[in-house]
Amino acid sequence: MEYKLFGEQIIVKLAVGEKIMASMEALTEKGTIQAATITGIGAVDKVDLAFFHLNTRDYEKHQLEEEFEVLSLTGSLTLNDGKYHPPLHIVLGRSDLSTIGGHLNEAYTSVTMESYVTVLNGTMLDGTIERSQDEAVGLKLMDFDK
């Protein structure tokens, strides 16, 4: 993983074989990011996706191995049980121009991955954004009261 700072923006470049989620988590260990948004584009060839079913409160998992273009990577960087975690969603393009997407558990870069991390540590941000279990949906959601 290589990265460069531009004010409140961190540009991250991943090489072949690097993991997207693991790299975003490692980025938090290199600085003082309290909260951030993440976007990106690139290419992957092995992905672990999930779709959350509210009625069962469980993720349906899918592991795929083929060449994909990352058409959209988006999410946030918040605290989850005291550790920074990036909940990310991804839209992938196939060679026949169809798309699939879902909650990203992990993906491996096949050509390159360019991510843009916008740090929200500004004068208006008072502390971190944490997550707490929401019993109604069965997920840890942003909790602004923490």
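**Pocket lining, core and local geometry**

Strand β9 supplies four residues to the lining of the largest pocket, the largest share of that lining. The model examined here is predicted. Besides β9, which spans residues 139-143, strands β4 and β7 each contribute at least two residues to the lining of the largest pocket. The lining comprises 16 residues in total, and Y59, P87, H103, L139 and K140 are those nearest the pocket centre. Sorted by class, eight of the lining residues are nonpolar, six are polar and two are charged. The volume of the largest pocket is about 340 Å³.

One of the residues nearest the pocket centre, H103, is located in strand β7. H103 has a relative accessible area of 15% and is therefore classed as buried, the limit for that class being under 20%. Apart from neighbours within four places in sequence, the contacts of H103 are with D48, L49, A50, Y59, L88 and H89. Y59, a member of this contact list, is likewise among the lining residues nearest the centre of the largest pocket.

At the level of the whole chain, the secondary structure consists of one helix and nine strands. Read from the N terminus, the order of elements is β-β-α-β-β-β-β-β-β-β. The protein chain has 146 residues, of which 36% are buried.

The largest nonpolar core contains 27 residues, and the members that touch the most others are I20, V44, L73, L88, L92, L104 and V117. Two or more residues of this core come from each of β2 (9-14), α1 (20-28), β3 (36-53), β4 (58-80), β6 (88-93) and β7 (99-119). For V44, with residues up to four places away in sequence set aside, the contacts are I20, E66, E67, F68, V70, L92, A107, Y108, T109 and S110. Two of these partners, I20 and L92, also belong to the group of core residues that touch the most other members.

E67, another contact of V44, lies in strand β4. Its relative accessible area is 68%, so E67 is classed as exposed, a class that begins over 50%. When residues up to four places away in sequence are not counted, E67 touches V44 and G93. The C-alpha atoms of E67 and R94 are 7.0 Å apart, although 27 residues separate the two along the chain.

E29 is situated in the loop between α1 and β3 and is exposed, at 67% relative accessibility. Its C-alpha atom is 8.9 Å from that of Y84, with the two residues 55 apart in sequence.

R57 has a phi near 55° and occupies the loop between β3 and β4. With a relative accessible area of 42%, R57 is partly exposed. L97 has a phi of about 70° and is placed in the loop between β6 and β7. The relative accessible area of L97 is 76%, which puts this residue in the exposed class.

Key: Residues numbered from 1 in each chain as written. Predicted model: local features only at pLDDT ≥ 70, side-chain atom pairs only at ≥ 80, totals over all residues. Heavy atoms only, no water. Core = buried A, V, L, I, M, F, W, Y, C linked by side-chain atoms within 4.5 Å. Buried < 20%, exposed > 50% of the residue type's maximum accessible area, 1.4 Å probe, protein only. Contact = heavy atoms within 4.5 Å. 1 Å grid on protein atoms, 1.4 Å probe; cavity = no way out; pocket = protein on both sides within 12 Å on 5 of 7 lines; lining within 4 Å. Points joined across faces, edges and corners; volume = space filled by probe spheres on them. Nonpolar A, V, L, I, M, F, W, Y, C, P; charged D, E, K, R; others polar.
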